[in-house]
Amino acid sequence: MTLAHRIRLVPSADQEAYFRKACGVARFAYNWALAEWQRQHAASKHPNEIAMRRSLNAVKHEQFPWMREVTKNAPQQAIKNLGRAYANFFAKRSKYPLFKKKGKSRDAFRADNGCDTRHPDAVLVDGKRAKLPVIGWVKMREEVRFAGQIVSVTISREADAWHASFTVEVPEEPAAHVLTNTVGVDLGVSALATRSDGSPKTLAPKPLRRYLKKLKRLARALSRKQRGSANRVKAKTTLARLHARIGHIRHDALHKLTTDLARNAATIVIEDLNVVGMLANRKLSRAIADLGFFEFRRQLEYKNAMAGGALIVADRWYPSSKLCSACNVKNALLTLSERTWTCVSCGASHDRDVNAAVNLARYPESWAGSACGAEGAGGGSHPAAKPAA
């Protein structure tokens with residue numbers, strides 16, 4: 001099993017200068033390979049990532065001698081990233097690769113262990129410090145939390161802070177969850193997550209909403225600064241720090257929520273939300289983007305697998321909010337603005353989010369094979385509960 005741990009670095013001034021130089025070399029190699037790839041494709045050739053790396057190695061000593069000032073991993077891994085970008089494009093998982101611009105793209109470079117047979121342990125970790133190729137030992141804010149073989153490290157810059165993301169190969173030991181309970185989780189805008197077990201609702205921090213006025217003010221201040229001036233650099237860094245803070249608050253809340261769910265539930269049932277369609281709603285797009293629904297599911301998938309639990313994704317058309325959790329009768333007239341409602345069949349009063357969470361917890365046994373489930377799906381064959389990919 002491969003895990004990653006991202007840690008804040010504390011580099012010296014010389015080390016930070018080296019990081020910037022290595023990022024620039026990686027960016028140049030990526031753009032060089034992309035231009036060469038396009039040229040060969042226009043000439044009806046069949047370019048590939050391995051050939052690109054060999055071509056760059058053949059000319060860099062004469063044409064680009066400054067590349068030798070940083071680890072050779074930086075340009076080589078950048079071209080590997082380009083090959084992966086093309087593979088994702090041809091598989092229709094992403095858009096066509098674009099050229100990277102200085103100051104407008106994510107500054108990062110990667111170093112792998114084992115790329116050089118003479119130095120198989122190019123990346124080492126010793127407590128709160130890490131040894132990187134060429135630069136040597138760099139201080140870290142914390143230790144790597146996973147015990148295993150370090151495969152690679154990616155050095156990246158966020159605002160004016162540098163981070164190291166260690167990829168660690170750990171022994172894959174099949175875990176068995178100590179619990180046997182099933183918990184349904186309903187995601188929403190007012191409350192980020194509502195559980196079926198009666199736990200208090202998890203409120204969303206909504207950091208973008210909290211800092212939106214300040215974000216606009218800093219963006220306006222940046223636009224007034226003269227290009228190329230020192231004040232523009234300071235304003236740009238200040239704005240980048242606020243963007244980073246917003247992202248950190250959101251990720252911290254999601255990590256705490258998903259970790260708590262994975263530890264306290266053997267089986268978790270969530271909805272297969274159409275996030276792209278929800279973002280098309282101009283009135284809700286900003287609020288939905290501020291919650292991080294995709295990141296919630298991504299974290300829950302790998303954390304639940306590590307804990308030995310099961311994650312079930314309910315069908316997108318499952319009417320979890322409209323079904324009465326007491327008598328299983330569907331309220332087809334329920335609107336999105338109604339946060340509480342009363343069942344006309346049995347008279348039970350429901351909180352919309354709690355009712356949806358309870359129905360999700362019963363999803364594996366109620367939806368697959370129930371008449372109400374078939375009706376809610378549109379009258380066709382009722383879908384079975386599907387595990388997360």
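**Close-up 1. Helix 2 and helix 3 cross in a right-handed way.** In a right-handed crossing the near helix is turned clockwise from the far one by less than a right angle. This is a predicted model, where local features need pLDDT of at least 70, side-chain atom pairs count only at pLDDT 80 or more, and totals for chains, interfaces and linings use all residues. Residues are numbered from 1 along each chain as its sequence is written, and side-chain values use heavy atoms, without hydrogens and water. The axes of helix 2 (residues 49-63) and helix 3 (residues 73-90) come within 9 Å and cross at roughly 150 degrees. Helices are DSSP runs of H or I, at least four residues. Axes are lines fitted to C-alpha atoms over the stretch in contact, with angles from 0 to 180 degrees between N-to-C directions. The two helices are therefore roughly antiparallel (over 145 degrees).

**Close-up 2. Phe19 and its contacts.** Contact means heavy atoms within 4.5 Å. Beyond residues up to four places away in sequence, Phe19 touches Leu9, Pro11, Phe109, Leu132, Val138, Ile155 and Trp162.

**Close-up 3. Arg8 sits in strand 1 (residues 2-10).** A strand is a DSSP run of E, at least two residues. Arg8 is partly exposed, at a relative accessible area of 33% (partly exposed lies between buried, under 20%, and exposed, over 50%, with a 1.4 Å probe and protein chains only). Arg8 and Trp162 lie 154 residues apart in sequence, but 6.1 Å apart in space, C-alpha to C-alpha. Neighbours within four places aside, Arg8 contacts Met140, Arg141, Ala161, Trp162 and His163.

Note on methods: Angles under 35 degrees count as roughly parallel, over 145 as roughly antiparallel, 65 to 115 as roughly perpendicular and the rest as oblique.
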